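This report goes through a protein chain from its overall make-up down to single residues. Please look at the sequence and the 3D structure first.

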Amino acid sequence: MPIFAAPAEEVGTTLASPLLWGVSIAVLVGLLVLDFVVTRKPHAVSMREAVGWSVFYLTLPLLFALWLWPTFGSTEATDFLTGFVVEKSLSVDNLFVFMLILAGFAVPVEVRQRVLLFGIVGAIALRGVFIGLGAAMLQAGTWAFLVFGGILLVSAAKLLHEALSDSDDEQQNVREMRSVRVLRRLLPVTENYRGTKILTRENGRMALTPLAVVVFAVFAADIVFAVDSVPAVYGITSDPYLVFATNAFALLGLRALYFVLHSALAKLKHLNHGLSVILGFIGVKLILHWANSVWPAVPVIPTPISLAVIVGVLAVVTATSFLIRDPEEEPSVETSS
């Protein structure tokens with residue numbers, strides 16, 4: 001047995017040994033510390049810098065998959081890549097919300113990457129909690145697949161409803177988030193940003209900076225994201241280590257990806273439609289998996305088919321987002337008499 005492998009026969013247990021968990025968490029912390037060092041001095045992020053870091057963080061999961069294949073097997077490597085594609089797709093949707101929050105609070109360009117980094121740390125921490133809870137539920141019984149499937153179907157319906165409805169006022173409503181209003185009632189907030197400072201002293205007492213309010217709003221959004229993303233990747237693999245790895249790799253590169261996709265994000269108008277289809281598909285997959293454990297004659301959806309469906313949906317909605325114009329965007333033709 002490989003040194004990084006551990007026996008795992010029950011649903012919800014992991015193939016990874018304690019040593020592999022420790023090494024992985026240490027590497028994750030090291031990469032986060034590196035990001036904090038990079039963002040310690042406020043500065044506008046150039047496209048060259050953003051693309052460089054994006055390529056770096058997209059290369060890491062590919063190398064990890066290449067290591068998984070001979071170490072644990074092709075099934076685990078395929079599960080990881082499929083889960084990574086799902087989580088990366090959902091993380092791009094997360095960037096839409098981050099973009100609204102940053103714009104709604106008029107966050108200076110120089111400190112936006114620090115806000116994104118705080119959001120990434122919060123997302124990883126929250127998803128770690130949800131992954132642990134999910135593993136405990138799976139060990140308690142296969143009924144957890146039914147619960148996860150139901151959550152994803154509800155999330156898919158909600159996301160599709162939001163995609164089909166008008167959402168022009170989202171940016172105006174960012175400041176009215178309940179969590180933000182509560183925070184402002186508890187502590188004084190300065191009028192202006194103070195670089196990357198979260199706390200400062202004003203009029204002889206401690207006060208929050210607007211950056212703290214923004215970070216708090218991002219953390220509140222992270223909770224919602226975790227509710228969708230963790231059940232989604234459990235629909236691909238029940239191994240908590242692979243679920244952890246897909247979430248970590250998908251989130252680590254968000255800071256740089258934001259600046260690469262900033263202008264393109266607004267053009268991906270059909271992304272939420274596609275994500276609702278993906279979440280609904282994985283929800284059905286989970287329910288079929290639960291049904292198969294009760295009635296073995298019920299078919300299940302293999303991971304390679306899931307990967308093909310997910311990639312196909314993303315390709316279609318990306319193409320339609322760029323090729324199909326909304327009627328209100330069509331240039332008006334003026335006639336002269």
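## Terms and source

Two residues are in contact when heavy atoms of theirs lie within 4.5 Å. This is a predicted model, in which local features need pLDDT of at least 70 and side-chain atom pairs count only at pLDDT 80 or more, while totals for chains, interfaces and linings use all residues. Residues are numbered from 1 along each chain as its sequence is written, and side-chain values use heavy atoms, with hydrogens and water left out.

## The chain as a whole

The protein chain has 12 helices and 2 strands. Both kinds of element are DSSP runs numbered from the N terminus: helices (H or I) have at least four residues and strands (E) at least two. In sequence order the pattern is α-α-α-α-α-α-α-β-β-α-α-α-α-α.

Of the 337 residues in the protein chain, 45% are buried. Buried means under 20% relative accessible area, exposed means over 50%, and partly exposed is in between (1.4 Å probe, protein chains only). Among contacts between residues at least 6 apart in sequence, 76% join residues at least 24 apart.

Arg114 lies in helix H4. It counts as buried because its relative accessibility is 11%. Leaving aside neighbours within four places in sequence, Arg114 is in contact with Phe36, Thr39, Arg40 and Thr196. Arg114 and His43 are 71 residues apart along the chain, and their C-alpha atoms are separated by 9.9 Å.

Gly253 sits in the loop between helix H9 (240-252) and helix H10 (254-265). Its relative accessibility is 3%, so Gly253 counts as buried. Residues up to four places away in sequence not counted, Gly253 touches Tyr57 and Lys88. From Gly253 to Leu117 the distance is 136 residues in sequence and 9.6 Å in space, C-alpha to C-alpha.

H5 has 22 residues, and its first and last C-alpha atoms are 32 Å apart, close to the 32 Å expected at 1.5 Å a residue. The expected span is 1.5 Å times one less than the number of residues. Buried residues of H5 include Ala144, Phe148, Leu152 and Leu159. Seen down the axis, the buried residues of H5 fall within an arc of 130 degrees, so they line one face of the helix. The arc is that of the directions from the helix axis to the C-beta atoms. Val154, Lys158, His161 and Leu164 are exposed on the other side of H5. The buried residues of H5 pack against H3, H4, helix H8 (210-234) and H11.

At what angle do the axes of H4 and H5 cross? The axes of H4 (residues 112-140) and H5 (residues 143-164) cross at roughly 135 degrees and come within 7 Å. Axes are lines fitted to C-alpha atoms, for helices over the stretch in contact, with angles from 0 to 180 degrees between N-to-C directions. H4 and H5 are therefore oblique to each other; angles under 35 degrees count as roughly parallel, over 145 as roughly antiparallel, 65 to 115 as roughly perpendicular and the rest as oblique. Residues making the contact include Gly134 and Met137 of H4 and Trp143 and Phe145 of H5.

## Helix H12

The 21 residues of helix H12 (residues 303-323) should span 30 Å at 1.5 Å a residue, and the end C-alpha atoms are 30 Å apart, which agrees. Among the buried residues of H12 are Ser306, Ile310, Val313 and Val317. The buried residues of H12 fall within an arc of 95 degrees seen down the axis, so they line one face of the helix. They pack against helix H3 (74-104) and helix H11 (271-294). On the other side of H12, Pro304, Ala308, Val316 and Leu323 are exposed.
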